[in-house]
Amino acid sequence: MTYIKHCFLILLPLFLLTSCIPDEDDLNASDWQPEIAVPLFEATFELEDILAQFDNTDVITVDSNRLIHIVYEGEVFSLAAEELFTFPRLAGPIGDSTGSLSTVFPGFGSIQQIDIKSGNVRIGASTTDTGMVRMLVQMPDLTFNGVPLTFDTTFEAGTIVIKHFDLAGYSLRATNFEVGYQYTSTQVSTGNPVRLTGGIDFQDVAYSYIEGLLDPITSTTPIDTLRIDLFNNRESAVLKFEDFDLGLTFVNSFGLPVRGEVLQLDALTNQGNTLPITSSAVAGGVDFNYPSLSEVGSTKETLVSINDANSNFGAAITEGPNRIAYQMEGTSLPMTDVGFLTDSSRFGLDMRLDLPLFLTADKFFADQLRDFTIDDWGPIDKLEEASLRIQTENGYPVTLNMQVYLIDGAGARIDSVFDGFRQLLAAAEVDGNARSTAPAILNFDVEFSAAKIENLRRTEKLLVHLDAETLNNSMTPVKIFDDYIFTLKMGLRAKFNP
Amino acid sequence: MNKFLFLLFLLPTSLFAQFEGGLWFMPELPQANRLNPAFERSRKLVIALPATYFGLANSAFTVGEVQGANGGINLGPVIEGLQTTNYARFWADIQGIALGFQAGKVQFGAEWRVRASAYMRYSDKLAQLFWYGNGPFVDETLQLGPDLHLTGFHETAFRLSLPVNDKLRVGGALKYLGGLADISTSRNQLSLYTDPEYYQLTAETDYQVDGSVAIDDWLSTIGQPENWAGANNSGWAMDLGLQYEVNDQLSVAASAIDIGTIRWAGDVSNYRSNGDFTYSGLSLSAYSDTSGLDLDRLVDSLQSAFDPIRTSEAYETALPTRVMAGVTWNPTSSLRLGAVYEREWYRSQQFNALAIHGGFHWGDVIYGGLTYTFQEVYQDRLGAQIMVRLGPLQAFAMTHNVLTFFRYADAKTASFRWGVNLVFGKVKKTDVPTSHNTPNLMFEGK
């Protein structure tokens, strides 16, 4: 059997066909230049993939109809009660056996109740008499659970007594803006009245609730802006939104009638233009809703919508603003009923710019400069020439043109991927609801000559230039829904020297 | 370079002997019984010593056509000249020892030898795909599936030849086959379509490769005889033949040989790819896919799309059965003329060949002949045969294509057979009722 095997062994090498794979040295390289055609990838771009390219994705929302909205919102200003009303300083002398403190609360026609959440009252006194002295102070207007504040102390005549009393939880019911107090001082041994010298004052008093009638007051906000970055990359784009809403929400937890007026509402563009926004919705001021006396602690909102029907804002959006500047003035109205405020009461304005993507867009372009490196030139070195076959299936009713420039280390454009601007995506057609009906398919080849491949070697950056417009040269308004996708398929056809 | 050229030439070859028309007309050689077991040997006792044979046939191109400038290889012109279907075959056998003797009017024979062959049938598209790539064939379905059979086995044959009457002689052989190694395709449907959309590749396959060697590592295993499948692979085959002497000058003969199969059961691996596979490139989820596009990933993905299923089931291969019919005319005692037709059935293909022979005896020492062969698929060629006898020593050599020795670069086929036999005891006329094989006195000895 061994002999058999060795005989066969002699024959076998003759048909080791796998040895027929030619060595590189055997084949004339100039003659063997196979051309291969292979698919490279298929990539589907969903909305989230596209949004990932934006710095601020929080501005994107989708409504129940899956229509995409770009929403910019923020609390553009807020005014707290303590910024409007502070507890005034109260102080008075102690010279006689009785006395009262009189004060004025700015902005209030009258005060009926002040609830104190912190602070103290300080009493200091001395006498020239002799012996032990008793001092009894009572403040009937300042009560704790209905019990007036009482201050009873004994001290050695000839010394100075200073006492503090915590006012937290006390309620002050002032009449005619006066906080009355009575005191008596007697000599302990004889019971005879003693004349004291000293004073009484309220320190660091903060309120939690004030009730009364307020005088009209006016407050003006500083000029502030709401930033809009949608148009940051826009240079000459023309965007026309078919629908939009600039919502002003006035929030008020003061128990007071207040009227707000828009002193300034401007759209500011990248080019430095100021476009005043006028709207009948805010002309003449806006009366804020406010909580009644039985609604202490609640907040009332007043909504104002500035839209295409009541303003000129649409024209301003077309110019691509990057900020909305505003200034408000609030004035409390004369009161006939008792009002209130708490330490947490505030006036506020929340601004919300809602831009549903139902629009036409033209000349919307962006440039991106990206680093370009190829780690392994091995396979590319073998290429004689190549072309990329690209198919795009675009569900968006948007046309996208593209050019990619090759930038060398000196920053010079040395070549471009396309001969000219290349249409990358064709716009999908839309139905009567401005929704795209079927993806638009586009096929094209991108040729890479030997010279262009060589230029790639010198390339350090790519300048990607994108130019977009909506359907039919931006003549047809379209809606952008979040279920749109586009697909990029790419194959490579290359002739190479193995 | 030379290795590649040589093997490239072999690429289109297979196992069981190329048509050797010249041997048909030299029945004095015991080796002729392989073509027709009815042929009567001229000696009562013959001992065939170890001998070798090899043959190559390539339907597509010559060595010279492959040679490019500066000694390199240029397949371009060759591939341009390919037929729709092309063949390449290789045959070889090593004869161990053969014995023949006569008892009464019956001649017996026994022989042991090792046979090997390679066969490949391939489309021009397969070669063009290799050379040009698939780029030029976008939006075209390429039928590729090559039919391949590489095999080796040893054969133990027992032969019998006896006269029926004074005109007719019949013979037969029973052969035990022991498989050594085999690689063959049992399904050959393999097409490739490159979609013009963005070059997606679609393969429709019903392709199966069976092997009775360790295919995964067969290059190393093949050099280790102890690992060969051996006894688990066996089969039987038979040869049948007849010869009719019309008169003293004219005879006709026919045979059918290598009717049989081998069942391969040792170390079997079957690799089958069946179905439609489309490779559309890497599936990227846009920006969320951070792994990017790299060549290794692309190749891995492509390979996984076409991975075959491996099983281990025994299978059978058939020998290439050949039927031959010829006529021999001896107008004088020195001159032999004849023609023989062959039809071969192999791998679902049929191959026809016709050989015309003329030979001459010089004295009692030498017989020389020329054979011109017309063969379907392969190159027509002129072959030469020579046989020399010195006492009991009978030596022979032959080729079916003399062009190989003079202008090898122009040859598409090549073969060479040589051997030495020891022959004893002339078969007397009275022993045999036929005279077909006895016009030549030189073989009768003194």
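Asp371(A) is exposed, with a relative accessible area of 63%; here buried means under 20% relative accessible area, exposed over 50%, and partly exposed in between (1.4 Å probe, protein chains only). The model is predicted, and local features need pLDDT of at least 70, side-chain atom pairs count only at pLDDT 80 or more, and totals for chains, interfaces and linings use all residues. Residues are numbered from 1 along each chain as its sequence is written, chains are lettered from A and ligands numbered from 1 in the order in which they are written, and side-chain values use heavy atoms, with hydrogens and water left out.

Side chains of opposite charge can pair when their charged atoms come close. A salt bridge is counted where a side-chain nitrogen of Lys or Arg lies within 4 Å of a carboxyl oxygen of Asp or Glu, and over all chains the structure holds 35 of them. One of these joins Asp371(A) to Lys461(A), with 2.3 Å from N to O. This pair links distant parts of the chain, 90 residues apart: Lys461(A) belongs to strand 33 (residues 459-470) of chain A and Asp371(A) to strand 25 (residues 364-371) of chain A. Strands (E, at least two residues) are DSSP runs, numbered from the N terminus. Lys461(A) itself is partly exposed, at a relative accessible area of 31%.

Glu295(A) counts as partly exposed at 28% relative accessibility, and Lys300(A) is partly exposed at 27%.

Turning to chain B, Asp93(B) and Arg113(B) form a salt bridge, with 3.0 Å between the closest N and O atoms. Here too the pair links distant parts of the chain, as Asp93(B) sits in strand 3 (residues 85-103) of chain B and Arg113(B) in strand 4 (residues 106-123) of chain B, 20 residues apart. Asp93(B) is buried at 3% relative accessibility, and Arg113(B) is buried at 6%. Both residues take part in a network of salt bridges, whose members include Arg34(B), Glu111(B), Arg115(B) and Asp258(B).

Chain A also contains an open sheet of 3 strands, in the order 15-24-34, with antiparallel pairing. Two strands pair if DSSP finds at least two bridges between them. Strand 15 (238-241) and strand 34 (478-479) are the edge strands, each pairing on one side only. Strand 24 (residues 358-362) is joined to strand 15 by 4 bridges, one example being Val238(A), whose bridge partner in strand 24 is Asp362(A). Strand 24 is also joined to strand 34, by 2 bridges, and Leu359(A) stands opposite Val478(A) of strand 34. Strand 24 is mostly covered, with 4 of its 5 residues buried.

Finally, Glu384(A), Glu385(A), Asp419(A) and Glu447(A) form a negative surface patch. For such a patch, residues have over 30% relative accessible area and no salt bridge, and like charges are joined within 9 Å. Glu384(A), found in strand 26 (residues 383-394) of chain A, is partly exposed, with a relative accessible area of 31%.

Key:
Patch = residues over 30% accessible without salt bridge, like charges linked within 9 Å, V, L, I, M, F, W, Y side chains within 5 Å. Areas by Shrake-Rupley, 256 points an atom, 1.4 Å probe, with all protein chains shown as cover. Lys, Arg positive; Asp, Glu negative; His and termini not counted. Charge placed at Lys NZ, Arg CZ, Asp CG, Glu CD.
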